[in-house]
Amino acid sequence: MPKLNENYLNLKESYLFSEIAHRVNAYTAANPEKKVIRLGIGDVTLPLGSEMITQLHEGVDALASAETFKGYGPEQGYDFLRSAIVDYYCQNNVSIESSEVFISDGAKSDTGNITDLFDKDNVILIPDPVYPVYVDTNIMNGRQITFIDANEDNHFLPMPNYNIHADIIYICSPNNPTGAAYNKEQLKEWVDYALENNAIILYDSAYECFITDKNLPRSIYAIEGAKNCAIEFCSLSKTAGFTGTRCGYTIIPHDLKFIASTGKNLSLNAMWNRRQTTKFNGVSYIVQRGAAAVFSAKGMAQCRQNIKYYQENAKIISDGLSKKNITYFGGINSPYIWFKCPNDMDSWEFFDYLLNNAQVVGTPGAGFGKNGQKFFRLTSFGSRENTIEAMARIDKLFA
């Protein structure tokens, strides 16, 4: 009989979004005549821009000819896409090398898989509330997790506590689920803390494209010293609507080197490259052609047009909550709006109340941690019509 990874016994019985789907499916089965509006899961609704579609088609056509056919590609990603990402960072005043860029099928995969590089005895520092993948992947590996409180008092932007030691630190900015975003001074404090503790920051910047405030960094590498302590993950899911197409990238600077127990100097870039060439066959050529188009002038303009649409949706939600004097966070430099449940309801209680009385689906904050118990998340990724209707229903519900 095989010995199983019994760390799985320590996981919650159901992944957050699976539980949401279960409750919504039960409700719609019992009430087929009622229209349910879903503003819970952060999936986009607008189609891909025409520039991306054109390049995806050209990628397909290339496979139809022996002269242009592509088989196995480089596990790290094609040079044309890695170079396009380097140029994109340069436009944001951040210098990286193409050999520091690794193309993947999304930030979710890489933020989970990156744990392969680290021993299970590392102490993990994770804010609460948090994207569940950070927590669950470390529980699966049996790692010790220390939580730091993100709450209303610190505007859901916890800062380092030098009385706490950590080896690996998770930061998501703009944050999922709270929508809060660190400024340069705050991120510099985290970088300084990581350098002093000889720690690694795992920095999820999947929502950087929603930042409009020029005082907020779009990459942690805009902070001095970050290349010596941070790995950055990004995704085209929200930047370009690639939730179904699947493409992201991870930046691992060459400067990230640590001393092994043997005294040997280990490069995290080299380790990740070794891991990927063993466990990953790369993203398809077709998808990478479409992804490269995202970073062209025309492609980026089309992406920004879609992002503006979602930002306008976020304002509709925020304005509706303000009208009801409901405290909220996010919604400006983020597609997420994180708000206090009315009438002091718990988040799952409010989820059921909203579903049953307004047929609107959001995400209960308790699914992101104990500090989300009294909070709720709505996303701006719905259609304009559904967003307006959802807020009209909420307005009527709390008249």
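Strands are DSSP runs of E of at least two residues, numbered from the N terminus. In this predicted model, strand E5 covers residues 168-172 and provides the largest share of the lining of the largest cavity, namely 4 residues. The volume of the largest cavity is about 100 Å³. Its lining comprises 15 residues, and those nearest the centre are Pro127, Pro158, Cys172, Asn175 and Tyr182. By class, 13 residues of this lining are nonpolar and 2 are polar, with no charged residue present. In total, 2 cavities of 30 Å³ or more were found.

The loop between E5 and helix H6 (184-197) holds Pro174, and Pro177 is placed in the loop between E5 and H6 as well. The bond between Ser173 and Pro174 is cis, with omega at about -10 degrees. For the cis bond joining Asn176 and Pro177, omega is about 25 degrees.

The greatest contribution is that of H10, which supplies 4 residues. The lining of the second largest cavity divides into 6 nonpolar, 5 polar and 1 charged residues.

Helix H10 was also examined for its length and its packing. H10 consists of 27 residues, and the distance from its first C-alpha to its last is 39 Å, close to the 39 Å expected at 1.5 Å a residue. After H10 comes Asn325, with a positive phi near 55 degrees. A positive phi is also found at Asn93, a residue other than glycine, where the value is near 65 degrees. Asn93 is located in the loop between helix H3 (79-91) and strand E2 (101-104).

The packing partner considered for H10 is helix H12, which spans residues 384-397. The axes of the two helices come within 10 Å, with a crossing angle of roughly 5 degrees. Angles under 35 degrees count as roughly parallel, and H10 and H12 are therefore roughly parallel to each other. On the side of H10, the contact involves Tyr309, Glu312, Asn313, Ile316, Ile317, Gly320, Leu321 and Lys323. On the side of H12, the contact residues are Arg384, Glu385, Thr387, Ile388, Met391 and Asp395. Residues three or four places apart on an α-helix point the same way, because there are 3.6 residues a turn. By class, the contact of H10 with H12 contains 6 nonpolar, 3 polar and 5 charged residues.

Conventions. Residues numbered from 1 in each chain as written. Predicted model: local features only at pLDDT ≥ 70, side-chain atom pairs only at ≥ 80, totals over all residues. Heavy atoms only, no water. 1 Å grid on protein atoms, 1.4 Å probe; cavity = no way out; pocket = protein on both sides within 12 Å on 5 of 7 lines; lining within 4 Å. Points joined across faces, edges and corners; volume = space filled by probe spheres on them. Nonpolar A, V, L, I, M, F, W, Y, C, P; charged D, E, K, R; others polar. Expected span 1.5 Å × (residues − 1). Axes fitted to C-alpha atoms, helices over the stretch in contact; angles between N-to-C directions. Parallel < 35°, antiparallel > 145°, perpendicular 65-115°, else oblique. Contact = heavy atoms within 4.5 Å.
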